[in-house]
Amino acid sequence: MGADTRDTCVRTGPGSAFLVSRTREDTRLRSLLDRLRTALVARRPSFPVRYGVATLAVGAIALLRWALFAEFAPWFLFTPGVVVVALLLGGGAGLWATGLATACAGIVLLAVPPLGALSLIQVVASTIFAATTAGLVGVVVALRHALIEAEASRAALARSAAAAEEREAFVTSVLASSTDCIKVLDLDGRLTFMSEGGQQVMEVSDFNAIRGCPWPDFWTGQGHQEAVAALTEARAGRARSFVGRACTMRGTSKWWHVAVSPIRNPDGTFDRILSVSRDITALRESEEERDRFVRLAETSTDFIGMAQTDGRIFYLNDAARRMVGLDGTDLTALTIADFFPPEQVATVAGEVLPAVDRDGHWSGELTLRHFRTGALIPVLSSLFPVTDSEGAIVGTGTVTRDFRARKAAEEELRLLNGELAHRLKNVLAVVQSVTRQTLRNASDLGRASEDLSARLVALGTATDVLTNASWRSADLRELTARSLAPHGEIGTRIRLDGPDLTLQPQVAVALALALHELATNAAKYGSLSNDAGRVEVSWQVQGEGNGEGAEARFRLEWREQGGPPVAPPTRRGFGSTLIERSLRSYFGGTAGIDYRPDGLVFVMDARLSDAALVRDEA
Amino acid sequence: MGQSTPIGTKTILVVEDEALLRFDVIDFFEDRGWRVYEAENAEQAIALLDRHGEIRVVLTDVQMPGAMDGLKLAHYVRDRFPPTLLFVVSGQAPPSATALPARATFLPKPFDLNRVLRQIERSPVG
């Protein structure tokens, strides 16, 4: 930089410097030029004024010169006047003044000898005066034009400087007010400038602390790779952008959208790179939050839908489409009414939707209609107004739960309750019957009480076995073992022998009671009344029943051995009556007790299908 | 209205598939000097009714195996033998009044046989 220039480093913004230099002469000349400017350029006089002033000036000089010098030096003083006239009023006025001055001098010359005429020498001298003065006017005019041009270019320079300053200030304020982080990097990716707004969003307290630091180092992981790649692209002259997560200088983690591009000079070359980062954290978080809500609705197993205020549907989640059979159907043609059977439409239009308008909410049971099958779907529905971001109601929303399973469960429970009540009443009726028959046949109250207790226990045992199989069947071995267990050890005193067989539920109670009566009788009078006797309980299935007319039969035998000698009872009580009569009835076959002297034998014979659940044989 | 059945006729038909319950009712009425017919299902009951016109009282369970349940049987009896006293027994909820035939008494299980007997004895025919 030369000694005659001074540097003005105008700091228009961090890292942005503009260099302006001017000559010192320019400054010194300024006051004179400023004065001349008004005379020469700004207020150029009109033609009569110019020539009038020139005439007056020359006249005044002529009078002054005459007063001072009379006939002596007739051209004296005119030249400076003409020069000033030419300088101030232009070339035309200068030449006019030259002519006048020559004429005035000529008038003076007429007053010196030879009087009344001009000598040759005087004519020559006058001509020389006129010529040199005219030449001087030419020089002055040239100077005048130069001055005018200089002023014009100076003014233009001042204007452009002012414009540049204004532009500069504008760019500065834009940079400062932008909330984007605008950075200038050198070709090595080092930070050379960061905008004021950028320093705020990046939480930079002192830019000098990070000036010159490699910009990609502010990124970690994937972001670092993206930043390096973007720099590489910019160095190759191409713009590139990416989205990444990076921390501010104070460690606040934020999402950024980053655009990196070369800063081109007018000739297309570049030696700096622009990096603009925008904080998109809020946007990103609201997007993520919105995404979560969308997923919540989409993956819900409840029916979620929205309709416009005119009833047209604009959203249904997958569960809703599945529930009413609308997979892949265009929703826009549907209205709320299409989802309900005709008898429900009036309820929805007349009660539900008005309640939503009035109370802001409605919930209750409704019935939807399946679009393909027409099947009715009981649902528990909640409806509410849907508003836009300003709070204006734009439609109606619903969360609706499929109530079919619940309804079915309720119905099942109702049936189960009914069935339970039915069974309970049947059991009570059986108890009533057993009680009455016990009392009817009892010889005394004490005996009746004893018998009744034991029979109710047997009834309970049968009920246990049935309950285990949900009243659908009863395993014969289990029923036999449990009914007889109170009367003697199963396996030693009482032996059971027979195939696996599942009894019909309705015969189980009677068989349990019959076995109880047989065992009670055996304990009192038969083979279980001493220490040696035994009871063999055996059952068989005879015949396969697969041929026509030859049905499989079920045969059960109760055989007592080793007891005291048997005599037929003198009176047939409830026990034997029940055994024979009820088993015949329940099993639809024959049943009889044979009081053999060596031991009581009971034989029952029935169709297998009347006694047992016949399983499909493989 | 004693014209259809002789006064003092004590004849009852008990229709009940559950033998334990049936025997109790049979024994109860037999002990009190009644002539008792028994049936396990509606078909047997109808056959007995056709054969024994003197049957004055029918006591039937509702739930029974076969094509005809006790309710249908009761209607059949009311149509075919209008003066018959009808008792319909069930362990389930009582049928609606319209489902029952006219002048039939519904008895929920378990029921009191003595009350049934008193009602029979109070009825005009008895």
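This is a predicted model: local features need pLDDT of at least 70, side-chain atom pairs count only at pLDDT 80 or more; totals for chains, interfaces and linings use all residues.
The crossing of H4(A) and H6(A) is right-handed. On the side of H4(A), the contact is formed by A:Thr79, A:Val82, A:Val83, A:Ala86 and A:Leu87, while H6(A) contributes A:Thr133, A:Leu136, A:Val137, A:Val140, A:Val141 and A:Arg144. Classified by residue type, this contact between H4(A) and H6(A) comprises eight nonpolar residues, two polar residues and one charged residue.

The contact between the two chains involves 18 residues of chain A and 13 residues of chain B. On the side of chain B that touches chain A, the most residues come from helix H1 (residues 19-31) of chain B, which supplies six. The residues on this side of chain B consist of seven nonpolar, four charged and two polar.

Several backbone features were also examined. Most peptide bonds are trans, and most residues other than glycine have a negative phi. In chain B, the peptide bond from B:Lys109 to B:Pro110 is cis, with omega near -15°. B:Pro110 is located in the loop between strand E5 (104-108) and helix H4 (113-122) of chain B.

Positive phi values occur at B:Arg103 and A:Glu203, neither of which is a glycine. For B:Arg103, phi is about 60°. This residue lies in the loop that runs between strand E4 (85-90) and E5 of chain B. B:Arg103 is classed as exposed because 12 other C-beta atoms lie within 10 Å, the criterion for exposure being 12 or fewer. In chain A, phi of A:Glu203 is near 55°. A:Glu203 is placed in the loop between helix H7 (196-201) and helix H8 (222-235) of chain A. With 13 other C-beta atoms within 10 Å, A:Glu203 is therefore partly exposed.

Notes: Residues are numbered from 1 along each chain as its sequence is written. Chains are lettered from A and ligands numbered from 1 in the order in which they are written. Two residues are in contact if their C-beta atoms, placed from the backbone, lie within 7 Å. Helices (H or I, at least four residues) and strands (E, at least two) are DSSP runs, numbered from the N terminus. Ala, Val, Leu, Ile, Met, Phe, Trp, Tyr, Cys and Pro count as nonpolar, Asp, Glu, Lys and Arg as charged, and the others, Gly among them, as polar. A crossing is left-handed if the near helix is turned anticlockwise from the far one by less than a right angle, and right-handed if clockwise. A residue is buried if 20 or more other C-beta atoms lie within 10 Å of its own, exposed if 12 or fewer, and partly exposed in between; C-beta atoms are placed from the backbone.
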